[in-house]
Amino acid sequence: MRYSRQRDVVYQTLQQTDTHPDAQWVYTKVRQTIPNISLGTVYRNLKELCDCGMVKRISASNNVERFDARTSTHGHFVCNCCGNITDIFDSKVSLECSGCLVDSVEVMVYGTCSQCAKGGNVNG
């Protein structure tokens, strides 16, 4: 992949956060550095970064794609109340498929985060 300043800024923006942002959030942040960048350019660069494995695409329950620059093996916890996504690094999951070779497993855990539980925002 050829060097692109726009792609580099998009990637650096993702590396500097652990919030698993959507494309609109990335666009807003990148515009602080490159004011004339278009939303379409941000989407194209996110796609290229995902395609080459530098960024993971996360599809949470609300159908909004989120992005993660941490590509090491880890799971995600999605809060059903506030929608925040946090990394889970200490999860252990194994999966066997008879007659198949498993390349990877994506772990998404859904529930209520501690902040929402404290505030009484628990769905149910």
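The model is predicted, so local features need pLDDT of at least 70, side-chain atom pairs count only at pLDDT 80 or more, and totals for chains, interfaces and linings use all residues. Residues are numbered from 1 along each chain as its sequence is written, and side-chain values use heavy atoms, with hydrogens and water left out.

Start with the whole chain. Its secondary structure comes to 4 helices and 5 strands. Here helices (H or I, at least four residues) and strands (E, at least two) are DSSP runs, numbered from the N terminus. The order from the N terminus is α-α-α-β-β-β-β-β-α. Along the principal axes, the C-alpha atoms fill a box of roughly 45 × 45 × 25 Å. The chain has 124 residues, and 35% of them are buried. Buried means under 20% relative accessible area, exposed means over 50%, and partly exposed lies in between (1.4 Å probe, protein chains only). Contact means heavy atoms within 4.5 Å. Of the contacts in the chain with a separation of 6 or more, 49% are between residues 24 or more positions apart.

Now turn to helix H2, residues 23-30. Its buried residues include Ala23, Val26, Tyr27 and Val30. These cover an arc of only 100° around the axis, so they sit on the same side of H2. The arc is that of the directions from the helix axis to the C-beta atoms. The general rule is that an α-helix has 3.6 residues a turn, so residues three or four places apart point the same way. What covers the buried residues of H2? The cover includes helix H1 (5-15), helix H3 (39-51) and strand E2 (65-68). Lys29 also lies in H2. Lys29 counts as partly exposed, at 34% relative accessibility. From Lys29 to Leu39 is 10 residues in sequence and 11 Å in space, C-alpha to C-alpha.

Helix H3 comes next. H3 has 13 residues and spans 18 Å from its first C-alpha to its last, close to the 18 Å expected at 1.5 Å a residue. The expected span is 1.5 Å times one less than the number of residues. Thr41, Val42, Asn45, Leu46, Leu49 and Cys50 are buried in H3. The buried residues of H3 pack against H1, H2, strand E1 (56-59) and E2. Take Thr41, which has its place in H3. Thr41 counts as buried, at 16% relative accessibility. Its side chain is joined to that of Arg44 by a polar contact of 3.0 Å. A polar contact is a pair of N or O atoms within 3.5 Å; within protein, one must be able to donate a hydrogen and the other to accept it, and residues adjacent in sequence count only if both atoms are side-chain atoms. Just after H3, Gly53 takes a positive phi of about 85°.

How do H2 and H3 meet? They pack at an angle of about 115°, with their axes 10 Å apart. Axes are lines fitted to C-alpha atoms, for helices over the stretch in contact, and angles run from 0 to 180 degrees between N-to-C directions. The crossing of H2 and H3 is right-handed. A crossing is left-handed if the near helix is turned anticlockwise from the far one by less than a right angle, and right-handed if clockwise. From H2, Ala23, Gln24, Val26 and Tyr27 meet Leu39, Val42, Tyr43 and Leu46 of H3.

Next, a pair of histidines. His20 lies in the loop between H1 and H2. His20 counts as buried, at 1% relative accessibility. Its phi is positive, about 55°, although His20 is not a glycine. Most residues other than glycine have a negative phi. His76 is found in strand E3, residues 75-79. His76 is buried too, with a relative accessible area of 1%. A polar contact of 3.5 Å joins the side chains of His76 and His20. Leaving out residues up to four places away in sequence, His76 touches a list of residues that includes Ile58, Asp68, Ile88 and Val107.

End at the loop between E2 and E3, where Ser72 lies. Is Ser72 buried or partly exposed? Ser72 counts as partly exposed, at 41% relative accessibility. Not counting residues up to four places away in sequence, Ser72 touches Lys56 and Phe89. Ser72 and Lys56 are 16 residues apart along the chain, with their C-alpha atoms separated by 9.6 Å.
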